[in-house]
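I opened the notebook to go through helix packing, the sheet and the domains in turn. The entries below follow the order in which I looked.

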Amino acid sequence: MQDKISAPSLEEIAAAFDLPGALSSGAPFGSGHINDTYRLDYTTGEGPRSFVLQRINTAIFKDPDRLMENILRVTRHQRTKLQENGAGETHRRVLEFFPARDGRFCHVDPKGGCWRLSLLVEGTHTCDIIESPEQAFLTAAAFARFQQTLVDLPGGRLHETIPNFHNTALRFADFEKAVREDRAGRAAAVATEIDFALQRRHIAPVLVDLMRKGAVPERVTHNDTKLNNILLDDASGEALCIIDLDTVMPGSALYDFGDMVRSSACTAAEDEADLTLVGVEMSMFEALARGYLSVARVFLNPAEIQHLAFSGKLITFEQGIRFLGDYLNGDSYYKIKYPEHNLVRARNQFRLVASIEEHEAEMAAVVDEIAG
Ligand code: GN1
Ligand code: MG
């Protein structure tokens, strides 16, 4: 966890960037688990303007300059394509970052904190919980378009901002290490959850093995396709702008689709403690698959299509062992709001895994029917 107390004030950080007018307010913003995010409101001669200021968690993103290099390449390419396609309001459809006065997109404060600034996209909101199949369709199609846009990203392979981020086999090895070390002395009390994970160890390497064999191709992917990483237009509900680009890097389309299933095919939050509310909703899954395939059908290969239903289970499992592993390690990775938060999250994700298992054949049939 980063030290909040010793950090410079928001005013001091904001002053490092060349912003218009006077800062009228600054406050925490969003619901990310890793970085610290703030909204800055300015009063200017041309009316109010708002920005998003973020402190990058450099314990997790160890090379923030390369991370910003990725993000600038990606957003420039998105902007070029939007302009080529004659899309209106490009400033609302792709994130825009501003360098600090020293020219760096990553401003380092005197305490070593790493800050970046982007334009706040006005007239949009995010949702933590899926509201309707229509919304599931739109958001899945938007993430698919994001992947499609990046198919011809120039300039070579992107940096891996977190190596092996979705290598579920290595994630499982990390989990086993956390169980073995039992740093926080919590393993005995969560034997049931540990057992749930160990019984499913065979699914962990499935996608990485397919990637190693070349059956599933490496693509430029988002890698954190949670529902709340899309800005929705306040007026129309349109899925306007993909955000949280920290983990855009080489990956598999399947982990992206899987994380849409994890975060949008269930109508309970990922930290809902009442497990009777946690489970896959087939209407949402079907809408996600229809939305995603409405765009991605043309570029996915047969092995990818064949594993779409499985991908939701796999990444939900991966997320479950990451939360449980962090709980066993003494909560060093994810921000928590109360002591058992990571355990509650892990139980929730495992309940969703179990529910996906119950519906897996049905989910595969839905994908078959849509993909034809
Ligand atoms: C983290 O910070 P946030 O909420 O965007 C995590 C994702 C997880 C997610 C679970 C870099 O994302 O991988 O899926 O929490 N990001 C990182 O909600 O580990
Ligand atoms: Mg993220």
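**Entry 1: helix 5 and helix 6.** I looked up which residues touch here, in what is a predicted model. On the helix 5 side I listed F172, F175, E176 and V179. They meet I194, A197 and L198 of helix 6.

Next I took the geometry. Helix 5 covers residues 168-181, and helix 6 covers residues 191-198. The two pack at an angle of about 150°, and their axes lie 12 Å apart. Roughly antiparallel is therefore my entry for helix 5 against helix 6, as angles over 145 degrees count as such. I logged the crossing of helix 5 past helix 6 as left-handed.

**Entry 2: helix 6 and helix 11.** I then followed helix 6 to another partner. Which residues of helix 6 make the contact with helix 11? I found E193, I194 and A197 on helix 6, facing F317, I321, L324 and L328 on helix 11. I noted that I194 and A197 of helix 6 also meet helix 5. The class count for helix 6 with helix 11 is six nonpolar, one charged and no polar residues.

Helix 11 spans residues 308-328. It packs with helix 6 at an angle of about 140°, with 11 Å between the axes. Here too I wrote down a left-handed crossing, helix 6 passing helix 11.

**Entry 3: helix 4 and helix 9.** I moved on to helix 9, residues 282-296. Helix 4 and helix 9 pack at an angle of about 30°, with their axes 7 Å apart. I put helix 4 down as roughly parallel to helix 9, because angles under 35 degrees count that way. The crossing of helix 4 past helix 9 is right-handed.

From helix 4 it includes P133, A136, F137, A140 and R145. From helix 9 it includes M284, L288, R290, G291 and Y292. By class, I recorded twelve nonpolar, five polar and two charged residues for helix 4 with helix 9.

Entry 4: Strand 9 (residues 230-233) is joined to strand 10 by three bridges. For I230, I looked up the bridge partner in strand 10 and found I242.

**Entry 5: the domains.** Last, I turned to the domain assignment. It gives domain 1 as 7-120 and domain 2 as 133-371. How far apart are the centres of the two domains, taken over C-alpha atoms? I noted 26 Å. For the contact between the domains, I wrote down 24 residues of domain 1 and 32 residues of domain 2.

Conventions: Residues are numbered from 1 along each chain as its sequence is written. Chains are lettered from A and ligands numbered from 1 in the order in which they are written. This is a predicted model: local features need pLDDT of at least 70, side-chain atom pairs count only at pLDDT 80 or more; totals for chains, interfaces and linings use all residues. Side-chain values use heavy atoms; hydrogens and water are left out. Axes are lines fitted to C-alpha atoms, for helices over the stretch in contact, and angles run from 0 to 180 degrees between N-to-C directions. Helices (H or I, at least four residues) and strands (E, at least two) are DSSP runs, numbered from the N terminus. Angles under 35 degrees count as roughly parallel, over 145 as roughly antiparallel, 65 to 115 as roughly perpendicular and the rest as oblique. A crossing is left-handed if the near helix is turned anticlockwise from the far one by less than a right angle, and right-handed if clockwise. Contact means heavy atoms within 4.5 Å. Two strands pair if DSSP finds at least two bridges between them. Domain bounds come from an automatic or database domain assignment. Ala, Val, Leu, Ile, Met, Phe, Trp, Tyr, Cys and Pro count as nonpolar, Asp, Glu, Lys and Arg as charged, and the others, Gly among them, as polar.
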